[in-house]
Amino acid sequence: QEKRTCTWPTRGGGVAVQLYGPDTPNVDGSFPGLIKPETIKQRIDFYGDENDFRLAMMLYGIMPKLTVGARVLTMDLCIERGAFDKPVWSGTPRKKAAFLDPGKVVDGDRKILTFVEWGESADGFEIFTIDKQVNIPVVNSTVSVDTQMARFCKNECMKRGIAPTHFGWDSTGNATLASELAKEWSPETIPLDFGGDAPDRPVRAGSKELESDAYRNRVTGLWYSMREAIVQRQVRGMSRECAEEGCQRKYDVCNKVGGVVQIQVEPKDEMKKRTKRSPDIMDSAVGALEVARRNGFNIGNGEAFGYLPCGLQ
């Protein structure tokens with residue numbers, strides 16, 4: 001589809017018209033109801049890039065490439081944006097964090113502990129690296145699974161100098177782990193519920209768009225924040241296995257009241273039925289990114305890297 005106003009014949013003998021917003025004749029406001037150039041500029045500034053898929057629908061009359069097979073990540077995106085590369089640091093102090101995805105015992109999910117670092121790269125930008133991901137071993141004993149996980153996380157974090165305030169865990173439907181972490185380590189760890197609404201914060205530094213407008217729910221915001229950080233060339237050290245889970249999760253778009261177009265990732269239960277496995281590795285990685293954000297990491301160096309939109313490519 002071309003970026004201009006186009007017409008073509010229909011099978012019924014009529015003419016279809018694709019109205020391309022920038023071709024608007026309403027330069028001076030003489031045509032009430034037609035889009036104006038300043039409106040187009042305002043929307044581009046809001047979404048951060050003139051190629052964002054929502055602008056394609058609202059301003060350009062172009063149907064974006066949305067299919068039931070659309071995925072949160074692609075391997076090409078991860079390769080192009082350096083997500084698999086090793087970090088090259090500037091030598092300035094870095095921060096560390098960790099996140100536990102405890103999984104569900106009844107479903108046999110893996111219990112993934114992710115260690116991350118962030119700081120200034122050699123070329124002067126803030127980057128985030130996935131340092132290591134561990135599948136926590138759980139043995140049959142008189143000690144509960146939650147106690148075993150709490151002790152394991154405490155010991156491994158202490159080895160790496162990670163404070164409880166820099167350790168997060170998925171609290172979705174898991175009340176007992178909170179008490180075990182408090183008893184075995186500290187009550188200052190960060191519980192992260194993957195349910196509920198996305199927060200009222202910018203999708204990236206300097207953006208006017210809020211996550212609560214861009215994403216249908218919190219889990220979508222968490223997963224798409226990882227995509228956004230990758231797009232911004234801020235992620236390093238991601239394993240292929242982690243990326244593959246991101247490439248497996250589908251997403252769709254929906255309309256919020258007021259006509260706002262939102263992104264929504266596939267519910268985990270549906271993904272597990274389709275793929276026969278829970279995305280525990282990526283869940284732990286996106287949780288670790290959220291802990292880093294709460295402790296000072298900022299997504300958003302787009303202008304420095306040549307911004308590629310958060311929407312569909």
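Residues are numbered from 1 along each chain as its sequence is written, and side-chain values use heavy atoms, with hydrogens and water left out. Because the model is predicted, local features need pLDDT of at least 70 and side-chain atom pairs count only at pLDDT 80 or more, whereas totals for chains, interfaces and linings use all residues.

The secondary structure of the chain comes to 11 helices and 10 strands, taken as DSSP runs numbered from the N terminus (helices H or I, at least four residues; strands E, at least two). Of the 313 residues, 48% count as buried, where buried means under 20% relative accessible area, exposed over 50% and partly exposed in between (1.4 Å probe, protein chains only).

Helix H10 (residues 280-294) packs against helix H8 (residues 240-248) at an angle of about 95°, with the axes 8 Å apart; axes are lines fitted to C-alpha atoms, for helices over the stretch in contact, and angles run from 0 to 180 degrees between N-to-C directions. That angle makes H8 roughly perpendicular to H10, a class that covers 65 to 115 degrees, with angles under 35 degrees counted as roughly parallel, over 145 as roughly antiparallel and the rest as oblique. The contact (heavy atoms within 4.5 Å) is made by Glu241, Cys242, Ala243, Glu245 and Gly246 of H8 and by Asp280, Ile281, Met282 and Ala285 of H10. Helix H7 (residues 218-231) and H10 pack at an angle of about 80°, with their axes 9 Å apart, which makes H7 roughly perpendicular to H10.

A search of the whole structure finds 18 salt bridges, each defined as a side-chain nitrogen of Lys or Arg within 4 Å of a carboxyl oxygen of Asp or Glu. In one of them, the side chains of aspartate 280 and arginine 110 meet at 3.2 Å, N to O; the pair links aspartate 280 in helix H10 with arginine 110 in the loop between strand S3 (95-101) and strand S4 (112-120), 170 residues apart. Aspartate 280 is buried, with a relative accessible area of 2%, and arginine 110 also counts as buried, at 11% relative accessibility.

The side chains of arginine 201 and glutamate 290 likewise meet in a salt bridge (2.5 Å, N to O). Arginine 201 lies in the loop between strand S7 (190-192) and helix H6 (211-214) and glutamate 290 in helix H10, so the pair ties together parts that are 89 residues apart in sequence. Salt bridges that share partners join Arg201, Glu211, Glu290, Arg293 and Arg294 into one network.
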